[in-house]
Amino acid sequence: MNKALESLLDLLDLERIERDIFRGVSRSAIVPRVFGGQVAAQALVAAGRTVPEDRLTHSLHAYFLRAGDPGAPIVYTVDRIRDGRSFTTRRVVAVQHGQPIFHLSASFQTYEEGMEHQSPMPASPDPATLATAAETLPRYADRFVDPATVDRLLAARAAIDLRYVDQPPYATVGEPREPRSQVWFRTNGKLADDHLLHVCLATYVSDMTLLDSVLLAHGRGGWATGDVVGASLDHAMWFHRPFRADEWLLYDQESPSASGGRGLGQARIYTQDGRLAISVIQEGVVRVPR
């Protein structure tokens, strides 16, 4: 396990300050605000720590309310909404400087057998044949407004091995493409056999690239190239089948719509052997700078 992954796991190991109140810290982000995937993952950790271990995460719905301050701690308050025979529901509010910055509802379920079907996994190359971020990003250093962006991106993603199947948005600025994107990802090191940990790490990664497909449709390179500004608005995930975040997962993403200064991304995450593990939908602000 590399040091970056150890640091990320420390970030998710929240301090419990009351029965249903937790405190987390942030680490430096690529932009001057807390990374949305971090807040979502920490909130899910807080919710999960109030739920019996035999109840597995099956869905989350979240709203990003305000930009988080990376220099201040985040307090997570958990409301125990419902404890039923099969399902448990929790609501989490993340607070900084006396104001809510994020709201999460999460549901957990005891394991049970049921009907089975799934959408088939799309075609995708073996992740081992794809270029790593360290191999890809330096090629496009001249596309970024800030020369330090490459190093900052590599540092921010050092805990995750994330590989694009096709060229990322910043590689094809000015060339509109089909609004679809695929990445393979896994943690840079093995993880403990803890269902909640794997779910939280998948949640963390899910906020990294989901709006790429919005950018591709318009030939935009992203915030780092200076041709768009934006932020996540809301995020939803459904966890269908067991998976490990330390084994390759295919993140198959597309954008069905952009309008009103907002872009919608939807995705499916598959295990390498073809099982549909997670469905994801996210909308974000995507604006062209004036």
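**Sheet, core and ring pairs of a predicted model**

Trainee: Which residue stands opposite Trp 238 in β12?
Mentor: This is a predicted model, in which local features need pLDDT of at least 70, side-chain atom pairs count only at pLDDT 80 or more, and totals for chains, interfaces and linings use all residues. Residues are numbered from 1 along each chain as its sequence is written, and side-chain values use heavy atoms, with hydrogens and water left out. Helices (H or I, at least four residues) and strands (E, at least two) are DSSP runs numbered from the N terminus. In strand β12, the residue opposite Trp 238 is Ser 279.

Trainee: Over how many bridges do β9 and β12 pair?
Mentor: Two strands count as paired if DSSP finds at least two bridges between them. Strand β9 covers residues 229-239 and strand β12 covers residues 276-287. Their pairing is antiparallel, and the number of bridges is 10.

Trainee: In the hairpin of β11 and β12, which residue takes a positive phi?
Mentor: Strand β11 (residues 262-271) pairs with β12 in the antiparallel sense over nine bridges, and Gly 263 has Gly 284 of β12 as its bridge partner. The hairpin has four residues between its strands. The positive phi, near 95°, belongs to Gly 274.

Trainee: Which are the edge strands of the open sheet?
Mentor: Strands of a sheet pair through backbone hydrogen bonds, either parallel or antiparallel. Here 12 strands, with antiparallel pairing, follow the order β1-β2-β4-β5-β6-β3-β9-β12-β11-β10-β8-β7. Two strands each pair on one side only, and these edge strands are β1 (15-18) and β7 (160-164).

Trainee: What angle does the direction of α5 make with that of β9?
Mentor: The twist of the sheet averages 25° from one strand to the next. Helix α5 packs on the sheet and touches β3 (55-64), β7, β8 (180-187), β9, β10 and β12, where contact means heavy atoms within 4.5 Å. Axes are lines fitted to C-alpha atoms, for helices over the stretch in contact, and angles run from 0 to 180 degrees between N-to-C directions. The direction of α5 makes with that of β9 an angle of about 145°.

Trainee: Is Thr 203 buried or exposed?
Mentor: Thr 203 is found in helix α5. Leaving aside neighbours within four places in sequence, Thr 203 is in contact with Gly 37, Ala 40, Ala 41, Leu 44, Leu 60, Met 237 and Phe 239. Its relative accessible area is 0%, so Thr 203 is buried.

Trainee: Is Lys 190 buried or exposed?
Mentor: Lys 190 lies in the loop between β8 and α5. Not counting residues up to four places away in sequence, Lys 190 touches Met 1, Arg 244, Asp 246 and Glu 247. With a relative accessible area of 54%, Lys 190 is exposed.

Trainee: How many aromatic pairs does a search of the whole structure find?
Mentor: Rings of Phe, Tyr and Trp (its six-membered ring) pair if their centres lie within 6.5 Å; planes under 30 degrees apart count as stacked, over 60 as edge-to-face and the rest as tilted. Ring pairs link Tyr 140, Phe 144 and Tyr 170 into a cluster. For the whole structure, the number of aromatic pairs is five.

Trainee: How many residues apart in sequence are the parts that Phe 35 and Tyr 204 tie together?
Mentor: The ring centres of Phe 35 and Tyr 204 are 5.1 Å apart and the planes stand at 80°, so the pair is edge-to-face. Phe 35 lies in the loop between β2 (21-24) and α2, whereas Tyr 204 lies in helix α5, so the pair ties together parts whose separation in residues is 169.

Trainee: In which strand is Tyr 251?
Mentor: Phe 185 and Tyr 251 form an edge-to-face aromatic pair, at 6.1 Å centre to centre and 70° between the planes. The two residues are 66 residues apart, with Phe 185 in strand β8 and Tyr 251 in strand β10.

Technical notes:
Buried < 20%, exposed > 50% of the residue type's maximum accessible area, 1.4 Å probe, protein only.
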